[in-house]
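Dear colleague,

I am handing over the structure below, together with some notes on what was found in it. Please keep it open while you read, so that you can look up each place as it comes.

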Amino acid sequence: MGIIERIKAPKTSTARKTVERKAVDLPLGQILKMDCVEAMASLPDASVDMIFADPPYNLQLGGDLYRPEGGQVDAVDDAWDHFDSFAAYDAFTRAWLAEARRILKPDGSLWVIGSYHNIFRVGASLQDLGYWILNDIIWRKANPMPNFKGTRFTNAHETLIWASKSEKSKYTFNYRAMKNLNDELQMRSDWVMPICGGQERLKRNGTKTHPTQKPEALLYRIMLATTNPGDVVLDPFFGTGTTGAVAKRLGRQWIGCEKEDSYCEVAEQRIAEALPLDESSLKTMQSPKSMPRVAFGTLVETGYLQVGTELCSKNRKYKAKVRADGSLLWDGQEGSIHKIGATVQGAPSCNGWTYWHYDDGTKLKPIDALRQTYLLATEP
């Protein structure tokens with residue numbers, strides 16, 4: 001009998017609940033195909049390192065939305081996003097947040113993403129339940145959907161809340177990895193990334209598989225920042241498995257909760273096809289102007305440059321390996337594209353964008369060519 005089959009809804013007795021939770025092994029690498037509150041209730045106390053939650057937004061759409069030329073907008077109108085009232089949504093929010101806090105380890109943390117429709121209500125519930133808010137992150141979409149009616153500002157961002165289990169939690173924050181990812185500048189709380197598109201956008205019969213699929217780059221940055229290899233990441237609103245796919249790539253364990261069979265099917269296939277990174281690439285650097293338009297780490301987290309790729313100088317004399325956090329590894333030394341470029345030359349400084357080259361299958365090209373390709377692809 002599989003782990004999922006053995007997990008039952010908790011009994012009414014509190015003592016019995018405790019006994020059952022301790023007896024159940026964590027269903028790592030599994031999707032619990034049930035309501036998220038019920039699924040989390042089946043897990044032991046203090047068993048998860050990080051939770052990423054993309055809950056229903058409760059959009060309260062007032063009918064269909066059409067483009068100026070008459071085409072209908074593919075909006076979120078699924079049953080799982082419908083609530084009878086704000087009170088009903090708040091009760092649901094408190095229920096899943098309470099279970100999430102119970103299964104978080106003392107030093108664990110939670111990420112939750114939302115729009116203006118729900119994120120403020122979620123934030124209030126977080127604080128009421130004892131979470132400690134660490135940051136709010138603005139995900140600014142490089143290519144947002146326009147406001148077709150012209151009655152409001154274009155809604156070009158979503159908000160993420162990062163919170164620890166309590167004020168005293170010694171939560172994980174890989175500061176150095178984030179600095180590497182951002183060309184040796186402190187990572188800010190406003191992140192510019194495109195929404196899902198192209199090959200990453202999952203479709204069936206020409207239709208989006210999930211209306212609010214998040215880009216893998218977003219989960220990549222979150223996991224790299226606030227977890228370590230081997231940590232257990234849980235997603236109570238698993239959808240098409242972005243969290244699981246990125247966790248597999250980064251060597252993290254994952255658990256998903258998803259009651260929609262169609263999403264589960266897509267997620268399982270997607271994660272099965274995801275390729276994990278090798279161990280040496282997963283190691284990230286720990287602690288010891290103006291913002292560039294594109295950081296080298298952005299090319300890594302968006303897949304324009306694969307982790308483990310070998311970069312070289314134009315004459316192929318020096319070679320360095322790309323790691324998960326956007327740093328390079330050369331002869332036992334680690335650092336940014338600029339620092340390692342300067343080190344190999346014995347120079348005081350170096351423009352890593354033009355010094356380091358990659359092989360595109362036909363010839364060597366400077367990595368700046370990839371940066372320009374990324375800029376063209378994400379241009380609003």
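At 45% relative accessibility, Arg-316 counts as partly exposed, a class that lies between buried (under 20% relative accessible area) and exposed (over 50%), with a 1.4 Å probe and protein chains only. Arg-316 sits in the loop between β11 (310-312) and β12 (319-322), and its phi is positive, about 65 degrees, although Arg-316 is not a glycine. Ala-46 is another residue other than glycine with a positive phi, near 45 degrees. Ala-46 belongs to the loop between α3 (36-41) and β2 (48-53), and with a relative accessible area of 35% Ala-46 is partly exposed.

Before going on, please note that this is a predicted model, in which local features need pLDDT of at least 70 and side-chain atom pairs count only at pLDDT 80 or more, while totals for chains, interfaces and linings use all residues. Residues are numbered from 1 along each chain as its sequence is written, and side-chain values use heavy atoms, with hydrogens and water left out. The helices (H or I, at least four residues) and strands (E, at least two) are DSSP runs, numbered from the N terminus.

Next comes the sheet. Strands of a sheet pair through backbone hydrogen bonds, either parallel or antiparallel; here, two strands pair if DSSP finds at least two bridges between them. Eight strands form an open sheet in the order β1-β10-β9-β2-β3-β5-β4-β6, and the pairing is mixed. The edge strands are β1 (30-32) and β6, each of which pairs on one side only, and from one strand to the next the twist averages 20 degrees.

Strand β4 (residues 132-141) runs antiparallel to strand β5 (residues 157-164), and eight bridges join the two, with Asn-135 opposite Trp-162 in β5. β4 also pairs with strand β6 (residues 190-193), this time in the parallel sense and over four bridges, where Trp-139 has Trp-191 of β6 as its bridge partner.

How do α8 and α9 pack? Helix α8 (residues 242-249) and helix α9 (residues 261-273) have axes 9 Å apart and an angle of about 15 degrees between them, where axes are lines fitted to C-alpha atoms, for helices over the stretch in contact, and angles run from 0 to 180 degrees between N-to-C directions. The two helices are therefore roughly parallel to each other, since angles under 35 degrees count as roughly parallel, over 145 as roughly antiparallel, 65 to 115 as roughly perpendicular and the rest as oblique. Thr-242, Gly-244, Ala-245 and Lys-248 of α8 make the contact with Arg-270, Ile-271 and Ala-272 of α9, contact being heavy atoms within 4.5 Å.

One residue of that contact deserves a separate look. Ala-245, which is found in helix α8, is buried, with a relative accessible area of 2%. Not counting residues up to four places away in sequence, Ala-245 touches Glu-216, Arg-270, Ile-271 and Ala-274. Ala-245 and Leu-275 are 30 residues apart in sequence, and their C-alpha atoms are 8.4 Å apart in space.
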